[in-house]
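This report goes through a single protein model, from its overall layout down to individual side chains. The sequence and coordinates are shown first.

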Amino acid sequence: AEELGEVVGEGVVGYKVRGISVVSPRCRILFCTTGVLLRRLAQEGQQHMFSPKTVTHLLVDEVHERNCETDFMLTFLKQVINHRSSLKVVLMSATMDAE
């Protein structure tokens, strides 16, 4: 938001975390927890999951921290990725086992 000269939640950048929503109607970049994303996917339903109208890019940080939410999200993603060739996915982890 700062690089765009905007205030978070008043322009194209916003976030949602555990009941706190700081977004505008113009929001195009949403930072959220895995739990918030899962709730959104559940509301969209199987037919519209990761719809091109709602998700064009997905960046998942700390993917090495395996938990139920991350596993569910990756399972849903695996179900739709072959049908959504335009969906860009980046899985990130700062932890790397070099051996």
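The model is predicted: local features need pLDDT of at least 70, side-chain atom pairs count only at pLDDT 80 or more, and totals for chains, interfaces and linings use all residues. Residues are numbered from 1 along each chain as its sequence is written, and side-chain values use heavy atoms, with hydrogens and water left out.

**Layout**

The protein has 2 helices and 5 strands, taken as DSSP runs (helices H or I, at least four residues; strands E, at least two) and numbered from the N terminus. Along the sequence their pattern is β-β-β-α-β-α-β. A box of roughly 40 × 35 × 25 Å along the principal axes holds the C-alpha atoms. Of the 99 residues, 25% count as buried (buried is under 20% relative accessible area, exposed over 50%, partly exposed in between, with a 1.4 Å probe and protein chains only). Among contacts (heavy atoms within 4.5 Å) with a separation of 6 or more, 39% join residues 24 or more positions apart.

**Core and helix H1**

A nonpolar core is a set of buried Ala, Val, Leu, Ile, Met, Phe, Trp, Tyr and Cys residues joined through side-chain atoms within 4.5 Å. The largest one has 13 residues, and Phe50, Leu58 and Met73 have the most contacts inside it. Helix H1 (34-44), strand E4 (57-60) and helix H2 (68-80) each give two or more residues to this core. Beyond its neighbours within four places in sequence, Met73 touches Thr34, Leu37, Leu38, Phe50, Leu58 and Val60.

Buried positions in H1 are Gly35, Val36, Leu37, Leu38, Leu41 and Glu44. Their cover includes strand E1 (13-17), strand E3 (29-32), E4 and H2. After H1 comes Gly45, with a positive phi near 85°.

**Cysteines and aromatic residues**

With a disulfide defined as a pair of cysteine sulfur atoms within 2.5 Å, the count is 0. For Cys32 the nearest cysteine sulfur is that of Cys27, 9.7 Å away. For Cys68 it is that of Cys32, at 18 Å.

There is 1 aromatic pair; rings of Phe, Tyr and Trp (its six-membered ring) pair if their centres lie within 6.5 Å, and planes under 30 degrees apart count as stacked, over 60 as edge-to-face and the rest as tilted. The pair is Phe72 and Phe76, stacked at 6.4 Å centre to centre with 20° between the planes. These two residues lie 4 apart in helix H2, so about one helical turn separates them.

Accessibility of the residues in this section:

| Residue | Relative accessible area | Class |
|---|---|---|
| Cys32 | 33% | partly exposed |
| Cys68 | 59% | exposed |
| Phe72 | 47% | partly exposed |
| Phe76 | 24% | partly exposed |

**Largest pocket**

On a 1 Å grid over the protein atoms alone, a pocket is an open set of points where a 1.4 Å probe fits, with protein on both sides within 12 Å along at least five of seven lines; lining residues have an atom within 4 Å of a point. The largest pocket has about 1,100 Å³ of space, the volume being that filled by probe spheres set on the points. It is lined by 35 residues, of which Leu30, Phe31, Cys32, Arg40 and Leu58 are the closest to its centre. At least two lining residues come from each of E1, strand E2 (20-22), E3, H1 and E4. H1 supplies the largest share, 7 residues.
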